Amino acid sequence: MKRLSLFRRSGASQGSDGPAERPRYGDYAGYTGYDASTKYTPYTLDSGYVGYHGFYAIIDTEYLDWDRWVHVVPRDPDTHDEWRDIGAWCRQEASDLWEDSGLDPGPGGVAYTATMLERCAEVFCPVGSNNDLFLRMTHPADTPLPVLGVVRPSFGPREETLRALTLADDPEAVEPPVTASFTSPHLGEGLTTFRYIPQEDGANGLFACVRYAWQLTEPPAEMVLWTATDDTAQLLDAVEDIEELARTLRVYDP
């Protein structure tokens, strides 16, 4: 069964700011980009959601591998009544995950998964956030690996923009970030980086960070995906899925 789970929405765009605190994970404070041209003037809803007048591009997940990813859209209860009870959404999603897996959740499996999903939604995609959240889960009881994504207007120089979005010159990196060109069949040529950054509360003192970024001409937008974790083994296990996610996502501009 294909889980649709609010993966479509319309009317508002995403910005860059994320929650200030995200336990166990680093490098999630948002991304460095360029302010949009005055063609798209920003607005802020009461929830804190930042959008741009006249800019309606969103991340399109039509080809997402639903067997490996759970998608949480930017949470704005002002326009999406379903988000007024994130717990109910997570319980339904958890039930679907176990049903799709064909496994027996036991007496507490669905509740455990629902609680885990709700915690991730509250931490990585709280009300008023501007980013999409993709949770990599290959088993309903897995500890999810969060990958965040955002699309917003962009008019900066291409190379400078991509290096800024991927933090290719991050002075806090333990070593110079590893950078490489990355081509998506839907978004064109972009840039990807891998780097380690120090983190005092990390299990081994380091966070492993991966970023992908593209700049589009139509619509004039920039898109970035990023993840970070102190569990390097978890990240290495997910590398191929993250790369496939980067190849799968599109930008939809109604």
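Which residues is Tyr196 in contact with, leaving aside its neighbours within four places in sequence? I looked this up and found Glu172, Ala173, Val174, Leu206, Phe207, Ala208 and Thr232. Contact here means heavy atoms within 4.5 Å.

**Ground rules.** I am working from a predicted model, in which local features need pLDDT of at least 70, side-chain atom pairs count only at pLDDT 80 or more, and totals for chains, interfaces and linings use all residues. Residues are numbered from 1 along each chain as its sequence is written, and side-chain values use heavy atoms, with hydrogens and water left out.

**Tyr196, continued.** I placed Tyr196 in strand E8 (residues 188-198). Helices (H or I, at least four residues) and strands (E, at least two) are DSSP runs, numbered from the N terminus. Tyr196 has a relative accessible area of 30%, so it is partly exposed. The cut-offs are under 20% relative accessible area for buried, over 50% for exposed, and partly exposed in between (1.4 Å probe, protein chains only). I also checked Tyr196 against Thr232, 36 residues along the chain: their C-alpha atoms are separated by 9.9 Å.

**Whole chain.** I noted four helices and 11 strands in the protein chain. Of its 254 residues, 54% count as buried. Of the contacts with a separation of 6 or more, 69% are between residues 24 or more positions apart.

**Nonpolar cores.** I took a nonpolar core as a set of buried Ala, Val, Leu, Ile, Met, Phe, Trp, Tyr and Cys residues joined through side-chain atoms within 4.5 Å. The largest one has 29 residues, and those touching the most other members are Phe134, Tyr212, Trp214, Met223, Leu225, Ile242 and Leu249. At least two residues of this core come from each of strand E6 (145-153), strand E9 (206-217), strand E10 (220-229) and helix H4 (232-248). I also logged a second, separate core of 27 residues, with Leu97, Met116, Leu117 and Ala121 among them. Then I listed what Met223 touches, not counting residues up to four places away in sequence: Ile59, Val150, Val151, Leu165, Leu187, Tyr212, Ala213, Trp214, Leu249 and Val251. In soluble globular proteins, nonpolar side chains tend to be buried together.

**Salt bridges.** I searched the whole structure and got nine salt bridges, each being a side-chain nitrogen of Lys or Arg within 4 Å of a carboxyl oxygen of Asp or Glu. I looked at three of them in turn.

Glu62 and Arg250 meet through their side chains at 2.6 Å, N to O. Glu62 lies in the loop between strand E3 (58-60) and strand E4 (69-72) and Arg250 in strand E11 (residues 250-252), so this pair ties together parts that are 188 residues apart in sequence. Glu62 is partly exposed at 35% relative accessibility, and Arg250 is partly exposed at 22%.

Asp241 and Arg68 form a salt bridge at 3.0 Å, N to O. It links Asp241 in helix H4 with Arg68 in the loop between E3 and E4, 173 residues apart. Asp241 has a relative accessible area of 13% and is buried, while Arg68, at 32%, is partly exposed.

Where does Arg136 lie, as partner of Asp241? I found Arg136 in strand E5 (residues 132-136), 105 residues from Asp241. The salt bridge between Arg136 and Asp241 is 2.9 Å, N to O, and both residues are buried. Through shared partners, salt bridges join Arg68, Arg136, Asp237 and Asp241 into one network.

**Cavities.** I found two cavities of 30 Å³ or more in the whole structure. On a 1 Å grid over the protein atoms alone, a cavity is a set of points where a 1.4 Å probe fits but cannot get out, and lining residues have an atom within 4 Å of a point. Grid points are joined across faces, edges and corners, and a volume is the space filled by probe spheres set on the points. The second largest cavity holds about 30 Å³. Its lining consists of Val147, Val210, Arg211, Tyr212, Leu225, Trp226, Thr227 and Ile242. E9 and E10 each supply at least two residues of that lining.

**Backbone.** I noted a cis peptide bond between Glu218 and Pro219, with omega about 0 degrees. Pro219 sits in the loop between E9 and E10. Leu167 is not a glycine, yet has a positive phi of about 55 degrees. I placed Leu167 in the loop between helix H3 (158-165) and strand E7 (178-184). Most residues other than glycine have a negative phi, and most peptide bonds are trans.

Definitions and conventions. On a 1 Å grid over the protein atoms alone, a cavity is a set of points where a 1.4 Å probe fits but cannot get out, and a pocket is an open set with protein on both sides within 12 Å along at least five of seven lines; lining residues have an atom within 4 Å of a point.
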